[in-house]
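This briefing is intended for a reader who is new to the structure shown below. Please keep the sequence and the 3D view at hand while reading.

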Amino acid sequence: MANYYNIDDILAEEEFVPVVFHKAANGVIIDPSSETNSVEQGAKVELPLWLAQELYLRQAISISVPACFNQRTRLEIQADAACVDLKSRSPYFYEFGCKIAPLVGDKTIEILLLSAFKIRYKEILTKAYTAVFTTSSKFLTLLTKEETNLYEAAQASMAAFKKWRMGGPRLQRASVFGRKRKPFD
Amino acid sequence: MAGQSEPHISLFSAEEVEFMAEDELIEIVPNMRMAPLNFICGDFGPFLPQIPTQVPLWLAVALKKRGRCAIRPPQWMSVENLTRVLEGERESQGSFQFNSMKALILCFFVDGSARDDIPDMYMVRSLIEDIRDVRIHKVETSLEKFSGTSAVKIPNLSAMEVNIIRPFVGRALQAFYKHDNPEKIPDVDRASSQQTRVANNEPRRPLRR
Amino acid sequence: MGSSAGEWSAEQIDDYETLISTTDVELLKKAWRNEKVSPEILPFEEALVKRAKEQIQLMEETVDDFVESGHDPLIASLYQMDLDRAQFLLRSYLRVRLQKNRPRNPSGFAIEKFMFYIWKTDTYRNRLSMEEEKFTERCIRDIGKHLEETVLSNLPDNYQSVLNQSVISEEDDMVPEPLLDTFVVAKCERTTRPLYLDGSRQSTGDDHFLMVPGDLCILRYRPFQEELMSGNISLV
């Protein structure tokens, strides 16, 4: 299980999804404000993905498409993908989308993710290399977790390169290797 | 989509790339007499006054610093040639024109220790940097064209350029791969393996898979 | 580097081999790069490491002799530089393999990331040197003991395994595995058969995806495992 300890993978499964109960369930409190400790058949509630997934496999519920993949988001992405605030929709927009698509049987979600990413990665790239922090900070608030990782990866490697380039004459600083050591044990 | 590596840690440090580039051969003209050097990394010399010979960059720089040789810039390291290369890079979208395996790093070495051996050092350096910028831009912005094949050819990119684009390009391609091949995502396998578990319907806590 | 495309004869390949990897330093450098880039542990380069150690030892003696005999200090210092470089490479190679057993991971929880997986996978276990095997065994023992004492012994009986979430797990579902679908930068060294960028063995009719020696590509690691082991590609 390659992802077992992956914190982002865990958090992506904490995202809530709208579900409808097919069976009544007793002894569970889904909504703390409700008066009974049961869920009726046909009840519409929101559950974290990890729980919804388990109940779905037991055919206790059906899952519908979460709000962050709704028509409005799709239209906004079609209009200008780079400017859509995906982070507020879900910091794990892509990962969440990949996980939810097979559960709701909606192939268009994958297409949406791909087309959004195709446009946004270029924007991320440009911002990472060119913009000074003050102007790009607003842009940064629109990015999902993985997009932020991408931004930081691009920026960090370019910064490391620039630092090295400014490092002055070669071979004068302490070199990467140490001085002579005695033979290997 | 998260890669397995942490985004801030480059695979190779700039110093490591530099270390590797120091083994590239370059021509020097010694001004002293010295017997051949039989190194672990190969045999070099003999060194005779005014007789050009090929040595690794690190050796060239070591000798130059001690005033024992002049470094001969490679032919391609002229303003005319680099200007031509830069124009070529700007014009052609697909192909990369110039084998720059050592260009940039060589340039910095030479700049630090053998400035007097190269005419127009400043121009040469800024041309090489421009070429690098054009290339990095070309590779990175053309990623989605290749997403269907999940691989990209990057002809003649230097080790340093590779190192700069790697963290971003690797992650981005991984994302393309994942969204292009949803059926290959492990989640689906997991879901189906869960189905079999459900069949025996054991009561269990919803564990993290 | 190298010639144009097409079929390569065995002699040509040998020539190419001697041309590009004349010294053990070059081979060691390649092994270090491959190991550093690949997402999985590669077979230990036993013969190469042995040769490198011998050469380093020999060179150390030579440098000592130079210094003692009052030889030209310039020459002694040049040999010392060569020695430093070879040692750096050898250490880097050995070290990167250990770090692969225990990759640096900022989230802390996964320090022992691949140890357990390597241990239970024969292919990987056979790729370790004797010393590495000992190292891995001790790590597993120590970490297992530590986890048992601090956490696992306090959990209910069904949840005390280092490898499984609970006794009903059908597989070792807490053992992280190397992610072979990561993208790596590779160089085509030689072609004994046509190699395509996407790892397929059949031409799609588009030669743009055909790799020829000298080509640099970013590709998905998994389809190229064999090509890396056989030296047809190297990682950079």
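Which residues in helix 6 of chain A meet residues in helix 8 of chain A? From helix 6 of chain A they are A:Arg120, A:Tyr121, A:Ile124, A:Leu125, A:Lys127, A:Ala128 and A:Tyr129, and they meet A:Glu147, A:Leu150, A:Tyr151, A:Ala154, A:Gln155 and A:Met158 in helix 8 of chain A. The residues of this contact divide into nine nonpolar, one polar and three charged. The model is a predicted one, and the points below take its chains in turn.

**Chain A: the crossing of two helices**

- Helix 6 of chain A covers residues 108-130, and helix 8 of chain A covers residues 145-165.
- The axes of these two helices come within 9 Å and cross at roughly 35°.
- The crossing of helix 6 of chain A with helix 8 of chain A is right-handed.

**Chain B: overall make-up**

- Chain B has seven helices and six strands, and their order along the sequence is α-β-β-β-β-α-β-α-α-α-β-α-α.
- Chain B has 209 residues, of which 42% count as buried.
- Of the contacts in chain B between residues at least 6 apart in sequence, 70% join residues at least 24 apart.

**Chain B: an annotated domain**

- An unreviewed UniProt entry places the feature "domain: DNA replication complex GINS protein PSF2 N-terminal" at residues 14-71 of chain B.

**Chain B: an open sheet**

- Three strands of chain B form an open sheet in the order 4-1-5, with antiparallel pairing.
- Strand 4 (53-56) and strand 5 (69-72) of chain B are the edge strands, each pairing on one side only.
- From one strand to the next, the twist averages 45°.
- Strand 1 of chain B, residues 25-30, pairs with strand 4 of chain B in the antiparallel sense over four bridges.
- Within this pairing, B:Ile26 stands opposite B:Val55 of strand 4 of chain B.

**Chain C: the surroundings of one leucine**

- C:Leu90 lies in helix 4 of chain C, which covers residues 73-101.
- C:Leu90 counts as buried because it has 22 C-beta neighbours inside 10 Å, the cut-off being 20 or more.
- Leaving aside residues up to four places away in sequence, C:Leu90 touches C:Leu28, C:Ala52 and C:Ile56.
- C:Leu90 and C:Val25 are 65 residues apart in sequence, and their C-alpha atoms are 8.7 Å apart in space.

Note on methods:
Residues are numbered from 1 along each chain as its sequence is written. Chains are lettered from A and ligands numbered from 1 in the order in which they are written. This is a predicted model: local features need pLDDT of at least 70, side-chain atom pairs count only at pLDDT 80 or more; totals for chains, interfaces and linings use all residues. Two strands pair if DSSP finds at least two bridges between them. Axes are lines fitted to C-alpha atoms, for helices over the stretch in contact, and angles run from 0 to 180 degrees between N-to-C directions. A residue is buried if 20 or more other C-beta atoms lie within 10 Å of its own, exposed if 12 or fewer, and partly exposed in between; C-beta atoms are placed from the backbone. Two residues are in contact if their C-beta atoms, placed from the backbone, lie within 7 Å. UniProt positions are given in the numbering used here, feature names are shortened, and annotations may be inferred rather than shown by experiment. A crossing is left-handed if the near helix is turned anticlockwise from the far one by less than a right angle, and right-handed if clockwise. Ala, Val, Leu, Ile, Met, Phe, Trp, Tyr, Cys and Pro count as nonpolar, Asp, Glu, Lys and Arg as charged, and the others, Gly among them, as polar.
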